[in-house]
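Please look at the sequence and the model first.

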Number of protein chains: 2
Amino acid sequence: MSVTIRKIATDLNLAVSTVSKALRDSHEISAETKKRVFAYAEQMDYIPNLYASSLKRKKTGNIAVVLPEVADSFFSLAINGIESVAQEKGYHVMIYLTHENPDKEESILRDFRSGRVDGVLISVSGGAGADSHIHDLCARRIPMVFFDRACESIGAAKVLTDDFEGGYKATTHLIEKGCRRISFLALSETLAIISHRQHGYEEALRHDGIPVDKNLIVNCTNDERESYAIIKKIFLDENRPDGVVGSVEKLATLTYSVCRDLNLHVPRDVKVIGFSSLSIAALLNPSLTTITQPAFEMGRAAATLLFSSLERNNQDAQCRTIVMPSVLIERDSTR
Amino acid sequence: MSVTIRKIATDLNLAVSTVSKALRDSHEISAETKKRVFAYAEQMDYIPNLYASSLKRKKTGNIAVVLPEVADSFFSLAINGIESVAQEKGYHVMIYLTHENPDKEESILRDFRSGRVDGVLISVSGGAGADSHIHDLCARRIPMVFFDRACESIGAAKVLTDDFEGGYKATTHLIEKGCRRISFLALSETLAIISHRQHGYEEALRHDGIPVDKNLIVNCTNDERESYAIIKKIFLDENRPDGVVGSVEKLATLTYSVCRDLNLHVPRDVKVIGFSSLSIAALLNPSLTTITQPAFEMGRAAATLLFSSLERNNQDAQCRTIVMPSVLIERDSTR
């Protein structure tokens with residue numbers, strides 16, 4: 001049978017309320033009594049009932065990280081950055097995956113309204129859908145920080161990269177390497193980071209006098225097989241692209257698979273650049289040119305902002321936007 | 001201000017206990033009253049206090065997945081398998097990372113003792129340390145299923161692959177390809193899956209009359225830079241290996257990096273095989289020969305066992321061990 005506060009009180013000949021207050025380190029209880037209670041509780045292997053004590057402290061010691069997936073190198077590195085800060089602060093990190101499904105995202109966030117976590121770090125899903133569930137959580141004053149994928153209409157803290165600039169740099173790089181028919185592989189029409197990257201792509205084309213061809217802007221999906229078929233189709237066209245910007249990692253590696261299966265040589269027949277933080281990008285055949293975000297540092301910055309809100313109810317931290325630089329790493333896929 | 005049960009009771013002219021029971025769908029309350037209470041609660045946007053209601057129902061609607069990291073393809077695929085089952089059952093999955101740190105693992109599991117989750121899926125950390133925290137959780141009758149990395153001394157449900165066979169097959173494959181100085185890159189001496197893979201490696205060597213050379217069995221760490229240096233050292237030896245078995249994915253890709261930096265050609269100078277479920281293994285330079293576990297299916301099987309325990313208190317499911325087959329996929333790194 002598990003030890004209760006009542007049992008401790010009886011054994012120590014104290015009131016239940018005294019033991020309860022002592023265990024919460026209340027100033028109403030003398031140091032000597034607290035010492036007695038702590039020592040006995042430890043001896044008896046007493047475990048506080050989390051839910052009961054949460055009712056009083058309103059603290060769970062948990063933060064939630066809500067994100068689309070973990071198979072993408074950006075997210076797995078960002079998680080490590082978040083955890084490095086949470087560890088210092090003595091918090092547990094609970095990771096929830098939305099799989100780009102706004103219904104799932106909504107269901108997860110609804111759960112948080114009843115006090116399951118002290119704060120939320122979120123990279124929003126790319127599915128079409130209202131973002132009222134995010135507004136709702138925000139309105140309930142649960143501290144929240146967006147990282148990478150933000151909900152632009154919400155005045156919460158954000159840690160981002162300049163996605164327009166990333167799209168612009170990637171496209172300009174391909175133009176400099178001689179590409180003229182550059183395809184932009186998009187993931188979702190509703191995701192701000194993708195549309196900013198696309199605007200950068202379009203602006204770079206215009207800047208070099210290359211007309212924007214809507215047939216070269218292709219919407220892929222979260223289903224790998226579907227996306228493979230979509231990408232294959234553009235390469236079977238007689239006017240196939242000579243350059244590809246993969247707006248997320250998976251779309252760049254899928255382009256590699258398509259090219260291999262169609263016997264198209266990268267970079268001779270088509271040059272490829274992808275947004276990716278993949279540590280083994282250099283080991284791919286050919287090594288992949290990337291726009292690389294500082295994923296670990298972005299996770300650290302987002303977590304630092306969140307704890308700043310939690311610890312000091314810091315209003316300034318609650319609406320800050322930090323924009324971190326991403327870099328173009330040139331490798332063989334665009335040579 | 002948020003709506004409370006008391007407010008609903010006052011407004012509907014009902015006792016607080018009646019509203020509380022109605023919201024828990026108790027058979028003591030008439031269907032008509034329940035309908036009135038539900039309709040009004042919905043209208044008022046009533047959110048049950050999770051912790052208070054958990055005290056009564058002893059159900060959180062959450063399962064925990066505890067694992068070392070998400071950057072490894074096995075784990076990211078296994079998570080997807082677990083989530084596919086949890087989604088069907090209407091449970092949220094909370095992912096906790098141990099980063100191979102037994103202290104962190106212990107701290108996470110200790111948290112579960114107070115009722116944070118309904119069940120736990122765990123792939124144990126590889127750090128040296130007592131596994132008493134796992135025994136402890138098990139003794140508290142919180143349903144638990146091991147996947148991939150089990151604690152062998154605990155009679156809980158397990159979903160595994162035959163790691164001895166995997167190590168044996170990998171090594172035999174290298175021997176057939178002409179390797180005679182085969183190095184085994186281990187991750188941790190305390191992790192059963194690694195020692196089973198190593199025993200398979202040693203047995204395969206013995207079977208072919210090749211003496212086991214302890215200098216070729218190398219313990220790497222969780223630090224990427226450290227492991228890189230350790231692997232580099234064995235390749236700078238004049239008696240460098242002509243074949244490598246990477247007992248986890250990261251060690252195979254690190255071997256690629258070392259070989260590239262030392263201008264050693266894979267597979268001509270050294271052949272490499274790794275335990276990995278990496279979908280882009282085929283896109284590496286050269287494409288990587290792998291021992292591939294059915295990661296998604298293992299996640300599904302583990303989650304199915306857990307829900308079987310949760311739903312039916314199924315004693316049989318609580319101590320079943322399922323062993324699933326892994327396959328050798330030959331690619332260019334061993335040709």
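Where is the place of Asp148(A)? Asp148(A) lies in the loop between β4 (144-147) and β5 (157-161) of chain A. Its phi is near 65 degrees, which is a positive value in a residue other than glycine.

## Model and confidence

The model is predicted. For chain A the mean pLDDT is 89, and 93% of the residues of chain A reach 70 or more. For the complex, the predictor gives an ipTM of 0.81 and a pTM of 0.82.

One stretch of chain A calls for caution. Over residues 50-58 of chain A, pLDDT stays under 50. For this stretch the model has 18 contacts beyond four places in sequence.

## How the two chains are related

Chain A is superposed on chain B by a rotation of 180 degrees with 0.1 Å of shift along its axis, and the RMSD is 0.1 Å. This is therefore the relation of a two-fold axis. Both copies use the same surface, since 100% of the contact residues of chain A recur in chain B.

## The interface

The size of an interface is often given as the accessible area lost when the parts come together. Between chain A and chain B, the buried area is about 4200 Å². Carbon and sulfur atoms give 57% of that area. In terms of residues, 45 of chain A are in contact with 45 of chain B.

Two salt bridges are counted between chain A and chain B. In a salt bridge between the chains, the side chain of Lys104(A) meets that of Glu83(B), with an N to O distance of 2.7 Å. The count of residue pairs in polar contact between chain A and chain B, with both residues at pLDDT 80 or more, is eleven.

Several elements of chain A build the side that touches chain B. At least two residues each come from α4 (50-57), α5 (73-89), β2 (92-97), α6 (102-112) and α11 (249-261) of chain A. The largest share of this side, six residues, is supplied by β2(A). Sorted by class, the side of chain A that touches chain B has 21 nonpolar residues, 16 polar residues and eight charged residues.

Pro286(A) is in the loop between β9 (271-275) and β10 (289-292) of chain A.

In chain B, a cis peptide bond joins Asn285(B) and Pro286(B), and omega there is about 0 degrees. The loop between β9 (271-275) and β10 (289-292) of chain B holds Pro286(B).

Key: Residues are numbered from 1 along each chain as its sequence is written. Chains are lettered from A and ligands numbered from 1 in the order in which they are written. Side-chain values use heavy atoms; hydrogens and water are left out. pLDDT is the predictor's confidence in each residue, from 0 to 100. Contact means heavy atoms within 4.5 Å. Buried area is the accessible area (1.4 Å probe) that two parts lose on being put together, summed over both. A salt bridge is a side-chain nitrogen of Lys or Arg within 4 Å of a carboxyl oxygen of Asp or Glu. A polar contact is a pair of N or O atoms within 3.5 Å; within protein, one must be able to donate a hydrogen and the other to accept it, and residues adjacent in sequence count only if both atoms are side-chain atoms. Helices (H or I, at least four residues) and strands (E, at least two) are DSSP runs, numbered from the N terminus. Ala, Val, Leu, Ile, Met, Phe, Trp, Tyr, Cys and Pro count as nonpolar, Asp, Glu, Lys and Arg as charged, and the others, Gly among them, as polar. Copies are superposed by least squares on the C-alpha atoms of residues with pLDDT of at least 70 in both.
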